[in-house]
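Dear colleague,

I am passing on the structure we spoke about, and below it you will find my notes on what was found. Please read them with the model open beside you.

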Amino acid sequence: MVFADYHTHTLYSHGTGTPEENVQAALQRGLSAIAISEHGPGHRFYGVRGKKLLALRREVDRLAEKYAGQIQVLMGIECNLTAYGRCDLPTGPDAPPFDVTILAYHKGVWPEDGFLWGRTLEALAGGKPDPIRTANALLAAAERYHIRIFSHPGLYVQADIPTLARGARELGVLLELNAARTTMSKAEIQAAKAAGAAFIIGSDAHTPERVGDFQLGIQAAREAGVLSQVINWREGEA
Ligand SMILES: [Zn+2]
Ligand SMILES: [Zn+2]
């Protein structure tokens with residue numbers, strides 16, 4: 001079974017449930033850990049920032065205490081690539097600490113350099129892909145901001161998976177097998193495994209009902225033969 005869900009959203013961004021509803025859903029699914037990993041502040045529509053982000057940290061801390069002994073409750077953040085090698089991870093004295101750092105390219109972010117403008121054109125208008133450079137841009141940001149997970153690799157813009165996987169192995173970043181949608185082909189997942197990458201399955205739930213729904217990710221891992229490289233998988237029921 002997959003025993004932890006580190007990628008869930010709530011009504012703090014554009015999800016529908018409260019953090020506590022996500023925690024209760026995770027408990028019902030028998031998970032031993034859950035993270036509330038909201039969209040980073042750079043997202044113009046869904047980004048959580050400022051006082052709201054601090055309030056979410058306090059709420060996660062309250063839940064961690066309330067459910068201690070039943071489930072581990074963590075504060076994550078799903079950062080947005082904002083430029084080559086840059087992302088919107090909140091830092092500085094007014095930023096809360098994060099237990100889980102996730103990074104991906106998302107649409108809806110104002111590009112801070114020509115590289116990201118190119119990716120935005122690629123995502124929105126079918127502009128020219130640049131997969132190796134996109135992989136390297138993500139890796140450079142992961143190194144600079146100590147990112148631990150690349151969510152949905154290849155979604156919206158093409159990323160060269162072998163390049164991403166080699167770098168991810170070196171940096172200790174996990175590649176997510178997203179359970180809300182398929183973003184890597186079986187061949188890409190196998191190439192990532194061959195490059196030495198490790199994987200994590202995330203629900204990317206935007207409703208409490210989908211918290212701990214890992215089916216699509218488990219199926220992808222099984223088909224590609226990488227289940228034993230999935231760090232939140234253990235043999236057993238469900
Ligand atoms: Zn979202
Ligand atoms: Zn995402």
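A residue is called buried here when its relative accessible area is under 20%, exposed when it is over 50%, and partly exposed in between, with a 1.4 Å probe and protein chains only. Please keep in mind that this is a predicted model, in which local features need pLDDT of at least 70 and side-chain atom pairs count only at pLDDT 80 or more, while totals for chains, interfaces and linings use all residues. Residues are numbered from 1 along each chain as its sequence is written, chains are lettered from A and ligands numbered from 1 in the order in which they are written, and side-chain values use heavy atoms, with hydrogens and water left out.

I begin with the metal site. His-39 is buried, at 5% relative accessibility. The distance between the zinc ion (ligand 1) and the zinc ion (ligand 2) is 5.6 Å.

Strand S8 is covered on both faces, with Phe-199 and Ile-201 buried on one side and Ile-200 and Gly-202 buried on the other. In a regular strand the side chains alternate between the two faces of the sheet. S8 pairs in the parallel sense with strand S7 (residues 174-178) over four bridges, where pairing requires that DSSP finds at least two bridges between the strands. Within this pairing, Leu-177 stands opposite Ile-201.

Pro-153, in the loop between strand S6 (149-150) and helix H5 (161-171), is buried at 4% relative accessibility. Leaving aside residues up to four places away in sequence, Pro-153 touches Ile-161, Leu-164, Leu-175, Glu-176, Thr-183 and Met-184, a contact being heavy atoms within 4.5 Å.

What about the cysteines? The structure holds zero disulfides, a disulfide being a pair of cysteine sulfur atoms within 2.5 Å. Cys-79 is in no disulfide, and the nearest cysteine sulfur, that of Cys-87, is 4.3 Å away, which is too far for a bond. Cys-79 is buried at 0% relative accessibility, and Cys-87 is buried at 8%.

Finally, there are three aromatic pairs; rings of Phe, Tyr and Trp (its six-membered ring) pair if their centres lie within 6.5 Å, and planes under 30 degrees apart count as stacked, over 60 as edge-to-face and the rest as tilted. One of them joins Tyr-84 and Phe-115, whose ring centres are 5.4 Å apart and whose planes stand at 85 degrees, so the pair is edge-to-face. Tyr-84 is partly exposed at 30%, whereas Phe-115 is buried at 7%. Trp-110 and Trp-117 also form an edge-to-face pair, with centres 5.2 Å apart and planes at 80 degrees.

Methods. Donors = N, O, S within 2.8 Å, 3.2 Å for Na, K, Ca; no water. Helix = DSSP H or I, 4+ residues; strand = E, 2+ residues; numbered from the N terminus.
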